[in-house]
Amino acid sequence: MTNDSSPGLAKAYEFHEVEERWYRRWLDEKKFAATMDKDREAFSMVIPPPNVTGVLHVGHALNNTLQDILVRYQRMCGKNTLWVPGTDHAGIATQNVVERQLATEDKSRHDLGREAFIDRVWQWREESGGRIINQLKRLGSSCDWDRERFTMDEGLSRAVREVFVRLHEEKLIYRGDYIINWCPRCHTALADLEVEHEPTDGKLYHIRYPFADGTGHLVVATTRPETMLGDTGVAIHPADERYKGLDKQGVIIPLIDRKIPVVPDEHVEREFGTGALKVTPAHDLDDFEIGRRHNLELIKVMDDDGIMNEAAGPYAGLERFACREKIVADLDRRGYLEKIEDYQHGVGHCYRCRTVVEPCLSKQWFVSVKPLAKKAIAAVKDGKIRIHPKSWENTFYDWMYNIRDWCISRQIWWGHQIPAWTCEACGETIVTREDPDTCPGCDGRELVRETDVLDTWFSSALWPFSTLGWPDETPELRTFYPTSVLITSFDIIFFWVARMMMMGLHFMDEVPFRDVYLHALVRDKHGQKMSKSKGNVMDPLILMDQYGTDALRFTMTAFAAQGRDIKLAEDRIEGYRHFINKVWNAARFALLHLDLPAGPVSGAKTLALPHRWILSKANTAVTAFRRGLDELRFNESANAAYQFVWHELCDWYLEWIKPDLYGDDPEAKATAKAVLANVLEKALKLMHPIVPFVTEEIWSALPGERDSIMTEAFPKANPGHDDPGAEAEADLLMGVIGSIRAIRSDMLIHPSKEITVIIVCADPKKIRVIESNIASVKNLCRAESVSIGLNGERPKGAAGSGFADIEIFVPMQGLIDVENERQKLEKERNKLEKDLKKTEGKLGNKNFLDRAPEEIIEKERGKLTEARVRISKIEENLRQLAEL
């Protein structure tokens, strides 16, 4: 590269200023806006709406980078693109934020009352809720921001109400007693998916339940002895001979002396434990089902705070875990505790506050999802929806086939309040699209509205069609539904993706999207999950400030292989920042010579080898890049762009054509400038979806009047530029040149010194190729002379190398001081061997391996490998010096 000043581009790429300026201009010029153009093929996506409480993290950065790449690519492919942005109201999370805010004022939401509290949340949302949207813009997201939606805006609220009413009319929404997951801290029910099960070292308590006739006892085992106060039965397998006849007398609950029946039920596993199962229908789902089959009483022994209630008898008023300790002590004291075993089991925690969840009986609202799930399963099986990677399909089917009714009610204030009223006079439940004044059953006017709100995921499930104007038949809905692709994290495939499928198919009679791309996790450089407790969280905003948005985007994309987690490290981002700088410097060099916009290159097959080669390589890159994005293999597209721009365009082609650009042959100069303009513009268009800022800045500096690069047509492969012959010849020359450069490097020949090169090759065709490009070989190797022969011996005092069946020799006389170089190499080898012994000693020390962090051990192993490779190379160089 040259240091000369370049018209239109600064010497260094100042990404902070460039990114801010271009994003503002794109917004001002409405470059991201969709149109209702029916004549163009549509491409649409909806953003997975981040929580309004959210702050951009690396998962968001990956997710939105991949989405932005697709929408920019499809926009340049001529499609009418729409990328709908928005945020989720995030019921529990947002309410918790505002409640914490109130706590600093020594207030609670109850002090304000429901209406004033909701006003306070809206106020918080107006003041702080747009932060993540601005951060997405910082990432370069090219959403149609004029269409930004919020899951509680007026239009979406209307859609939510319409869906609820219709499902209720279709008897797919019902209210009933059921075992739900209850969070005593958040005071709300949680869907199964909102409960995170963590392996926990607990205890298994074996308790004696006396027979009612006093003749003996049976033993049951439980991890939650406090729930025994709500037992209303013990279940045994009907074929279990050990308990034959026991169903006729029953057993006594220890400590409270209440008699309960023994019921035969095939759900019980005879081989597990004692084969006797305590049944607590109000505090366990399996027990609830057994109780329903045998008409057992439902006794709830805890309140909503996890405190034992009056049904707990003498234990009323105790916190649930304190009650457990007291009961275990009492059982032991009175001889009812047979034994306690250590027991690891999965304990459910609230996904928001990490409180241990309590399964308990509650009256809640549910969606009967099995009828909806059938359509979603069929859509995937029939290929109407394609899941990428395909390996996720089996997981999807397993969950959908075993799906349980969805508990959609939450006992909080912030959210879509359920549109149901109860008549005080006759008890009728009224569900309507408009707020009712009177009861349709008895004309009563005392109507009490349901206080619960809907699960946040209920409104999110409608996102693909509600954001386009449903329930109205809008032009947006007709043009952009179904959407084209959904890109989201694998961990919400059930929370969100499956539910969107079910709702879209039910209400639109069409899938909500054609393809679902499930990206993996972004981990730290050691493959560890990022967490604040580990101190390994990488903030994308800080990374963008340090390295530039384009560098972060390219890093994410280059490692986004389907089904494989990304190991993110700063040195990788820094490496791709060097790539961005390389692109910048290449453009600056090109601008020293370009005076006209690029045009089509005609007669490509008649051009000199460097031009034919780079045009053919451009075709390869364009084909690979397009295929990668069309197949949602983002890393393959990034790698195709990187290979072409760094290794082929910058490392080889620009160096190859310098003699033409600086020479006196006007025809050769004009051809070099024309091909350079063509491939540079093609490279910028190719890279734009991944690195939009630097490509836009360079594009604007190129000769000629031009609009934004994003309005340009995406490159297509030109069949007239395919040239396998040129690629083979160039590979041969690059192999020869690389071997000569290796000799210069290994033998420490000073860059300013010209060398003599002797090439021996028995293949006349290869000799012809080298001879016809001898000027390039001399120029790129700084060779004074190059001689080629069909055969020959290694000259005395020459260093040698080889490529395929070609031998290459460089006479060393006058180029280096052999003795001096030998001494330097031996000195370096001796130092490396000492370091090697030291490192081997460390890695052979058991104490070091046991105590040192894994990253330190890996670093030492890396040093060991590097030292061995370098010592091997030095010994080869010493051998060559000895032969001179």
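**Close-up views of a predicted model**

**View 1. Asp231 sits in the loop between strand 8 (217-222) and strand 9 (233-236).** Strands are DSSP runs of E, at least two residues, and helices are runs of H or I, at least four residues, each numbered from the N terminus. This is a predicted model, where local features need pLDDT of at least 70, side-chain atom pairs count only at pLDDT 80 or more, and totals for chains, interfaces and linings use all residues. Residues are numbered from 1 along each chain as its sequence is written, and side-chain values use heavy atoms, with hydrogens and water left out.

**View 2. Asp231 is buried.** Its relative accessible area is 0%; buried means under 20% (1.4 Å probe, protein chains only). Beyond neighbours within four places in sequence, Asp231 is in contact (heavy atoms within 4.5 Å) with Tyr209, Ile253, Arg258, Ile260, Lys278, Val279 and Thr280.

**View 3. The side chain of Asp231 makes a polar contact with that of Tyr209.** The distance is 2.6 Å. A polar contact of 2.6 Å also joins the side chains of Asp231 and Thr280. The term covers a pair of N or O atoms within 3.5 Å; within protein, one must be able to donate a hydrogen and the other to accept it, and residues adjacent in sequence count only if both atoms are side-chain atoms.

**View 4. Helix 19 (residues 609-630) packs against helix 23 (residues 724-746).** The angle is about 110°, and the axes lie 9 Å apart. Helix 19 is therefore roughly perpendicular to helix 23, a label for angles of 65 to 115 degrees. Axes are lines fitted to C-alpha atoms over the stretch in contact, and angles run from 0 to 180 degrees between N-to-C directions.

Definitions and conventions. Angles under 35 degrees count as roughly parallel, over 145 as roughly antiparallel, 65 to 115 as roughly perpendicular and the rest as oblique. Buried means under 20% relative accessible area, exposed over 50%, partly exposed in between (1.4 Å probe, protein chains only).
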